[in-house]
Amino acid sequence: MKNFIETPTTNRGVENTSKYPVIIDWLTLSGHFTTFQEMIRFLGLENSGLTFEETSPKWFYKYAMTYNNEIILMLCQKDDYTMAAVNISGRGCRTIESFSDFSLFDLICKIVSLDNFKVSRIDIAMDIMDNSFSISSLVSATRKGNFTCRSKFYNIMESSDDGIQGTSLYFGKQNSNCFINIYDKRAERGFKPEEMPNWTRIEVRLRHEDAVGFCERLVSGYDVGRLYCGVINNYLRFVVNSSDTNKSRLKTAPYWQKILLHTEKIKVFDSVGVEYDYSKFEEYLFNTCGSTIITYLKTHTVDEFINELSMRNIKLNKRQQILVDNYINGIDYMFLEKF
């Protein structure tokens, strides 16, 4: 059985007064670079120990390298000052937060300040882990038409996987400048209702000029909560139940107003770090260090290997220590958030 553990809430000394965290969950940037190593350095990952491997490029780029399909670097030419792009997925954002010399906010500031660099996509998500709020309220309101949205396109997707029911709401088209996805994150992660509280994610995907405008306002000092709230309010609003066909005249539904009020208090993006379990640990150990371990064991005994480790006074970091503690206590899953 999976176990959910509430984790530390500090974020590099920055206070977040909101009940609900807001995170960056995707970042695509473009600019000019000469080499992949220069791009890795730009991301603050030069001394991270992460290994990038060649992969198939996307779009019109000719060369690409990736770390675990989480961070993809692309170049038009090699060893020449050329157009380049970086795709950082949700897991890649957690990797940046955990291993980079820079925060995601630092990276956005760098991109905005440089000529010929821009953010072409940014996903901002709010996680609501609260039993008093359920996605079922939004589904019911959507079915009844109790909402206003700038896009005429919306969709309700329901799924079932091994007895776990999940629901997603889509507002707008995925390739549009603004797209909102509200979904049951608990179900997506494979948790049953008795295993953890309600976990609803409200994800805003901004592209092109909307992404550029959001980032420019963010680095100019705008409160991130008010920015996020402003995007939501401008695009989507759930309203009280009424027979009035002019939904724009109706009051905002109390459950939706509660979310927006909390958002206004947010001062910074939360840094949630990597999701870390034993499979993640083994994946890093064997995929990244496997060939080095095999080489050593082919030239030394296991006893020599263990002896070398014990002589070097190697200390565990916070994530590793929690992994050990949970193993001792029989816990096989956890979230390591906001160190």
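**Surface, packing and selected residues**

The protein chain exposes about 18,000 Å², and carbon and sulfur atoms supply 50% of that area. Please keep in mind that this is a predicted model. The chain has 339 residues, of which 46% count as buried. In secondary structure, the protein chain holds 11 helices and 12 strands. As for contacts between residues at least 6 apart in sequence, 68% of them join residues at least 24 apart.

Next, helix packing. I have two pairs, and α6 takes part in both.

An angle over 145 degrees counts as roughly antiparallel, so α6 is roughly antiparallel to α7. The crossing of α6 past α7 is right-handed. Which residues meet there? From α6 there are Phe214, Arg217 and Leu218, and from α7 there are Val224, Leu227, Tyr228 and Val231. By class, the residues of this contact are six nonpolar, no polar and one charged.

The second pair is α3 with α6. Here the axes are 10 Å apart and the packing angle is about 105°. The range for roughly perpendicular is 65 to 115 degrees, and α3 and α6 are therefore roughly perpendicular to each other. On the α3 side the residues are Phe105, Ile108, Cys109 and Val112; they meet Cys215, Glu216, Leu218 and Val219 in α6. This contact divides into seven nonpolar residues, no polar ones and one charged. Leu218 is listed in the contact with α7 and again in the contact with α3.

Now the backbone. Most residues other than glycine have a negative phi.

Tryptophan 59 has a phi near 55°, a positive value in a residue other than glycine. Tryptophan 59 sits in the loop between β2 (53-54) and β3 (63-67). Is its side buried or exposed? Tryptophan 59 is exposed, at a relative accessible area of 52%.

Asparagine 116 also is not a glycine, and its phi is positive, at about 65°. Its loop runs between α3 (104-113) and β6 (118-129). With a relative accessible area of 60%, asparagine 116 is exposed.

Phenylalanine 133 is in the loop between β6 and α4 (135-144). Its relative accessible area is 2%; the cut-off for buried is under 20%, so phenylalanine 133 is buried. What does phenylalanine 133 touch, not counting residues up to four places away in sequence? The list is Ile128, Leu138, Asn198, Thr200, Tyr255 and Ile259. For threonine 200, the C-alpha atom is separated from that of phenylalanine 133 by 8.1 Å, and the two residues are 67 residues apart along the chain.

Lysine 144 lies in helix α4. At 55% relative accessibility, lysine 144 counts as exposed.

I will take questions now.

Note on methods
Residues are numbered from 1 along each chain as its sequence is written. This is a predicted model: local features need pLDDT of at least 70, side-chain atom pairs count only at pLDDT 80 or more; totals for chains, interfaces and linings use all residues. Side-chain values use heavy atoms; hydrogens and water are left out. Axes are lines fitted to C-alpha atoms, for helices over the stretch in contact, and angles run from 0 to 180 degrees between N-to-C directions. Helices (H or I, at least four residues) and strands (E, at least two) are DSSP runs, numbered from the N terminus. Angles under 35 degrees count as roughly parallel, over 145 as roughly antiparallel, 65 to 115 as roughly perpendicular and the rest as oblique. A crossing is left-handed if the near helix is turned anticlockwise from the far one by less than a right angle, and right-handed if clockwise. Contact means heavy atoms within 4.5 Å. Ala, Val, Leu, Ile, Met, Phe, Trp, Tyr, Cys and Pro count as nonpolar, Asp, Glu, Lys and Arg as charged, and the others, Gly among them, as polar. Buried means under 20% relative accessible area, exposed over 50%, partly exposed in between (1.4 Å probe, protein chains only). Accessible areas come from the Shrake-Rupley method with a 1.4 Å probe; for residues, only the protein chains shown count as cover.
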